[in-house]
Amino acid sequence: MEKLMSVCKLWKIACTLLVTVPGYVKCLPVEGVQPCTAGGRAKYSMVFTGKWTQSAFPKQYPLYRPPAQWSPLIAVSHSSDYHMWRLGEYASNGVREFVEKGEAWGLMKEVEAAGEKIQSVYGIFSAPASTSGTEQTSTEFEVHPRHSLLSFMARIVPSPDWFVGRDSFNLCEGNHWKEQVSVDLYPHDAGTDSGFTFSSPNFATIPQETITQITSSSPNHPANSFFYPRLKHLPPMARVTLTKLRDSRVIGISTVQSNLLPMGNEIDDSISETPLDCEVSTWSSWGLCMGKCTQMGSKHRTRYIRLKPANNGTPCPTLEEEKECVLDNCV
C-alpha cells in the first residue's frame, strides 16, 4: 500500500509539472506547420474519453488481470522542431519504457532535456490514468505562439507496446487560437515488441521497427487483437476534446472540428458494434473406420471453436464431418 501511495504521489507531481522555458528561439517550421501569429498565450482544457468497449472491440477484449484500461496521459506543448513521437520513425527509449511498462520518468526526462537544449518545449503535463476502457479523465495546459503544437500519448493497458496519441497537433490557426476541437484516436504500434494480442508476453522486436498505425487489416494476421477484415476502418479507441478557456470557464462553442475518418465503415460509429466472425481450428485427422463387416463403415473428423462470434458476426460452421469408408480386416 505504501508503494502504491508513493506511485500516486509521483503521478500527482507529474500532473502538476509545468516546465516554462526562459526565453525563446526562432525555429524553422516543419513542412505543413504555419507560423502562429496569435496574440499572447492560451489556456486549454483537455478531456480524454475512452471508447474502448467490448462491443466495439470484441476480439480478445481484456476482462481481467488486468481489465481494459488506460495509463496516465503524457502530453507536451512545443514548437515545430520537437517531436515526442512520429509515425514512420523509431520510438525513443523513453517512449519504449512508457508504452511497454507504463514508466514515464524516462520520457519526461527526454522532454525536459529537449526543452533545455533547444528551447523547443513549453510545458509538460499529465492526465490521470483511467481504470476502465471507457472512463473520462482531464487536465489543463498552456500554449504559446512559438509553442503552439500539442503532442500526447496514452498506453493501451494491457498491450505489448500499443498506444493512442497525436503528434504535433496545431492549436493555432494563423492569427487566432482554435476554440474547440475533437480528435479521435486510433491504436499505434511502437515497434518495440512483437506481441500480437493484448495479453501477449514480452517479446522484444529485434531489430526495432518504426512506429506504425494499427488498422483492421494491418498487421495482416488473424491472431492480432485488432484484425477485423470486414471493416474498412477501426472505430476510434478514444477521443480527446480540447477547449480554449477564458476566465477559468469553458467557452460554449456550437461548431466542433473533428479529425473523423471518411465515411465508409460498415459499422456506424454512433453504435460502435464491430461484428466478430467465428474462427475455428483446422480439421483433425480422420478417425478409424467403424461399422459392421456386412455394411459400409463410417469415420469422423472434428474441429473446435477458436473464437466465438459476436455482434452479428458470421456464425460458426459445422464442427464434425462423417464419411463412408471400407472396413479393414473383414473376410
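**Notebook: loops, disulfides and strands**

**Entry 1. Arg65 and its loop**

I looked up Arg65 and found it in the loop between E1 and E2. Helices (H or I, at least four residues) and strands (E, at least two) are DSSP runs, numbered from the N terminus. I note that this is a predicted model, in which local features need pLDDT of at least 70 and side-chain atom pairs count only at pLDDT 80 or more, while totals for chains, interfaces and linings use all residues. Residues are numbered from 1 along each chain as its sequence is written, and side-chain values use heavy atoms, with hydrogens and water left out.

Is Arg65 buried or exposed? Arg65 counts as exposed because its relative accessibility is 81%. The classes are buried for under 20% relative accessible area, exposed for over 50%, and partly exposed in between, using a 1.4 Å probe and protein chains only.

I then read the backbone. Arg65 is not a glycine, yet its phi is positive, about 50 degrees. The peptide bond from Arg65 to Pro66 is cis, and I noted omega near -15 degrees. Pro66 sits in the loop between E1 and strand E2 (69-78). For background, most residues other than glycine have a negative phi, and most peptide bonds are trans.

**Entry 2. Other backbone entries**

I placed Pro219 in the loop between strand E11 (212-213) and strand E12 (238-246).

Ser168 also went on the list, as a residue other than glycine with a positive phi, near 55 degrees. I found Ser168 in strand E6 (residues 162-170). Ser168 counts as buried because its relative accessibility is 15%.

**Entry 3. Disulfides**

How many disulfides does the rule give? The count is two, with a disulfide taken as a pair of cysteine sulfur atoms within 2.5 Å. A disulfide is a covalent bond between the sulfur atoms of two cysteines.

I took the pair Cys36 and Cys172, whose sulfur atoms are 2.1 Å apart. The torsion about the S-S bond of Cys36 and Cys172 is about 80 degrees, so I logged this disulfide as right-handed. The pair links distant parts of the chain, 136 residues apart. Cys36 is in the loop between helix H1 (2-16) and strand E1 (42-50), and Cys172 is in strand E7 (residues 172-173). I found both Cys36 and Cys172 buried.

I turned to Cys289 and Cys325, which form a disulfide with sulfur atoms 1.8 Å apart. The S-S torsion of Cys289 and Cys325 is about 95 degrees, so this disulfide is right-handed. Cys289 lies in the loop between strand E15 (279-280) and strand E16 (297-302), and Cys325 lies in strand E18 (residues 320-325), so the pair ties together parts 36 residues apart in sequence. Cys289 is partly exposed, at 23% relative accessibility, whereas Cys325 is buried, with a relative accessible area of 8%.

**Entry 4. Strand E5 and its partners**

I checked burial along strand E5 (residues 149-157) and got nine buried residues out of nine. I then listed pairings, where two strands pair if DSSP finds at least two bridges between them. E2 and E5 run antiparallel and are joined by eight bridges. Leu73 stands opposite Ala154 in E5. E5 also pairs with E6 in the antiparallel sense, over six bridges. Which residue in E6 is the bridge partner of Phe152? I found Arg166 there. A hairpin of four residues joins E5 to E6.

**Entry 5. Helix H2**

I listed the buried residues of helix H2 (residues 93-101) as Gly94, Val95, Phe98, Val99 and Glu100. An α-helix has 3.6 residues a turn, so residues three or four places apart point the same way. The buried residues of H2 pack against E2, helix H3 (105-118), E5 and E6. Gly102 follows H2, and I read its phi as positive, near 80 degrees.

**Entry 6. Thr212**

I looked up Thr212 in strand E11. Thr212 is partly exposed, with a relative accessible area of 38%. Leaving aside neighbours within four places in sequence, I found Thr212 in contact with Leu87, His188 and Asp189, contact meaning heavy atoms within 4.5 Å. I also noted Tyr90, which is 122 residues from Thr212 along the chain, with 9.6 Å between the C-alpha atoms of the two.
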